[in-house]
Amino acid sequence: MGPDEVDDPALGPDPGPDSDPLLPRFLGHLANERRVSPHTLSNYRRDLKRIARWRLEQGIQVWSDLRDEAIRRYVAARHRTGIGGRTLARELSALRTFFDYLLRERLVSHNPARGLRAPKSARRLPSCLDADTLSALLDSDSPIGPGADATGSGTAAADSGIDNEPLALRDTAMVELLYSSGLRLAELISVDVRDIDPADAMLTVVGKGSKTRRVPVGRAALQAIAGWIAVRPLLAAADEPALFVSSRGVRIHPRTVQARLKHWAQQRSAGRNLHPHLLRHSFASHLLESSGDLRAVQELLGHADIATTQVYTHLDFQHLAQVYDQAHPRARKRR
């Protein structure tokens, strides 16, 4: 088993007394051929191991004997325990992809998950901060005191053991960049110093599916990043390419970012938790409300399908109605 196929310790050993040889092969295919992210790989591993254990409990010894009616029973059983439609849809997607791989390898003759759909879940719109509240937070000069850390444990706790001035500048730069460019958490972490072009005010981002896009960086974010880069050598090793590093000088960990953003908001009495997705959604919502250009927001967010953008950004329907009344030739009042 290669380095990209390490078991998730929370799941225990592979299913079956002799383990399942097909799962490691498939996971290796995802990691080495399709180049999926570690997070996606972990989801596939967890979901397929769960289905594999259930399959064995049902007396279905090999994947080729799995039929669509059995999968329906699995989905129904999971749904009865309170598992939501989005989680079940992800599990079915993992199973479909797995069987597509087995078909390609001529290890099965059909894909039993093809055409099956998970129960629908109520669609929840992400929340966002209003522009005035977020601007007030970003313009706040509240200091972050030495040794103050909201996490109490893990990688973020290590950040509280040194002078917090560089970390305060780093945290503000992360918040500014997340809101300025609508980045995902994984995208923020993957940014290298060389990816930002201050002269052009643009950032090169590697998003989902290893797709590269260029997004603008606002003036305030550039200033915050410049302030962080000035003190970054105090933490980062000379050969470290990552823009944002931890107190140990290496690329910052996702949990550290989440904890530090929460801490950043608490120090400014934000009254609510601040997390990367909230800033990304606020970016999209504020841009859409001001421009009304859904396609542009789609490109900036890196969504392959505009339907994703429509779900991600809650529309101000009153504003859209006003735009319609003013712009549509059959809606305008005769003068």
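Which residues touch the most other members of the largest nonpolar core? I began there, keeping in mind that this is a predicted model, in which local features need pLDDT of at least 70 and side-chain atom pairs count only at pLDDT 80 or more, while totals for chains, interfaces and linings use all residues. Residues are numbered from 1 along each chain as its sequence is written, and side-chain values use heavy atoms, with hydrogens and water left out.

**Core.** I found that Leu177, Leu183, Leu203 and Phe244 touch the most other members of this 49-residue core, a nonpolar core being a set of buried (under 20% relative accessible area) Ala, Val, Leu, Ile, Met, Phe, Trp, Tyr and Cys residues joined through side-chain atoms within 4.5 Å. Helix H7 (164-181) is among the elements that each supply at least two residues, and H7 gives the most, with seven residues; helices here are DSSP runs (H or I, at least four residues), numbered from the N terminus.

**Leucine 177.** Not counting residues up to four places away in sequence, I saw that leucine 177 touches Leu183, Leu203 and Phe244, among others, where contact means heavy atoms within 4.5 Å.

**Histidine 110.** I then looked up histidine 110, which sits in the loop between helix H4 (85-104) and helix H5 (131-139). Leaving aside its neighbours within four places in sequence, histidine 110 is in contact with residues including Ser64, Arg67 and Phe99. Arginine 67 is 43 residues from histidine 110 in sequence, yet their C-alpha atoms are 9.1 Å apart in space.

Technical notes:
Buried means under 20% relative accessible area, exposed over 50%, partly exposed in between (1.4 Å probe, protein chains only).
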